[in-house]
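Me: I would like to go through a protein structure with you. Could you take it step by step?
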Amino acid sequence: MDGTRQRRRGDTRQRIQDVALELFAEQGYEKTSLREIAERLEVTKAALYYHFKTKEEILVGIFEDLSRPLEDLIAWGRQQPHSLETKREIVRRYSEALMGAAPLFRFMQENQATVRELRIGEMFKTRMLGLRDILIDPDAELVDQVRCASALFTMHAGMLVLQDVESDPEERRRAVLEVAFDLITQAHRGTRGAR
């Protein structure tokens with residue numbers, strides 16, 4: 001019984017997060033109230049409060065759930081050698097993580113000012129710096145550091161800026177990966193050539 005109750009509670013929590021993210025995307029974070037989230041779910045505000053006390057708690061929950069693969073990727077990457085293969089794998093896995101969290105990242109892109117003021121802004125920045133530190137060799141020249149950082153932003157551009165480009169989503173993802181791989185490869189060769 002406890003497992004079933006926990007699963008139902010988890011399902012409700014997930015529904016709240018899904019509906020909240022939907023409303024945040026439609027109306028913006030600031031213009032969405034807890035009352036509207038409860039109404040869309042057809043529950044009372046008290047039922048919503050059982051799971052989340054504030055909109056920010058909902059958003060942090062969404063961010064933590066959808067960015068868990070990113071945390072796992074950073075932990076894995078810190079244990080790997082600074083090889084080109086590791087860097088390519090980091091970029092490939094990051095691409096998958098972005099696809100899995102696309103609605104959240106779109107929300108963050110469209111609500112940058114709000115995100116900067118909330119906890120998730122700092123959480124996201126910390127994760128990006130963690131990825132950056134794994135991709136950049138400690139002795140890399142500035143131009144190669146820029147290439148590595150640009151590889152990450154290439155992934156974001158591919159998901160956000162190119163989303164309305166007429167193409168197959170998987171084909172677009174492969175094209176974005178190719179460009180990111182090129183940047184990482186160039187940076188890696190630059191570092192190796194400097195030695």
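Reply: Let us begin with a term: a residue counts as buried under 20% relative accessible area, as exposed over 50%, and as partly exposed in between. Please note that this is a predicted model.

Me: Is aspartate 65 buried, exposed or partly exposed?
Reply: Aspartate 65 has a relative accessible area of 29%, which lies between the two cut-offs, so aspartate 65 is partly exposed.

Me: Which residue forms a salt bridge with aspartate 65?
Reply: The partner is arginine 68, and the closest N and O atoms are 3.6 Å apart. Arginine 68 is partly exposed, because its relative accessibility is 41%.

Me: How far apart are arginine 68 and aspartate 65 in helix H4?
Reply: They are 3 residues apart, so about one helical turn separates them. An α-helix has 3.6 residues a turn, so residues three or four places apart point the same way.

Me: Staying with helix H4, what is the distance between its end C-alpha atoms?
Reply: The distance is 33 Å. Helix H4 has 24 residues, 55–78, and at 1.5 Å a residue they should span 34 Å, so the two values agree.

Me: Where does H4 bend?
Reply: H4 bends by about 50 degrees at serine 67, and proline 69 follows within four residues. Ser67 is also one of the buried residues of H4, which include Phe63 and Leu70.

Me: New topic. How many salt bridges does the structure hold?
Reply: The structure holds 13 salt bridges. One of them joins arginine 147 to aspartate 144, with the closest N and O atoms 2.7 Å apart.

Me: Is aspartate 144 buried or exposed?
Reply: Aspartate 144 is buried, because its relative accessible area is 3%. Arginine 147, in contrast, is partly exposed at 23%.

Me: Which residues do salt bridges join into one network?
Reply: Glu89, Arg92, Arg93 and Glu96 are joined by salt bridges that share partners. Within this group, arginine 92 pairs with glutamate 96, their closest N and O atoms being 2.4 Å apart. These two are 4 residues apart in helix H5 (residues 84–100), so they too are separated by about one helical turn.

Me: Finally, where is glutamate 42 found?
Reply: Glutamate 42 is in the loop between helix H2 (34–41) and helix H3 (45–51). Its phi is positive, about 60 degrees, although glutamate 42 is not a glycine. With 73% relative accessibility, glutamate 42 counts as exposed.

Conventions
Residues are numbered from 1 along each chain as its sequence is written. This is a predicted model: local features need pLDDT of at least 70, side-chain atom pairs count only at pLDDT 80 or more; totals for chains, interfaces and linings use all residues. Side-chain values use heavy atoms; hydrogens and water are left out. Buried means under 20% relative accessible area, exposed over 50%, partly exposed in between (1.4 Å probe, protein chains only). The expected span of a helix is 1.5 Å times one less than its number of residues. The bend at a residue is the angle between axes fitted to the seven residues ending there and the seven starting there. A salt bridge is a side-chain nitrogen of Lys or Arg within 4 Å of a carboxyl oxygen of Asp or Glu.
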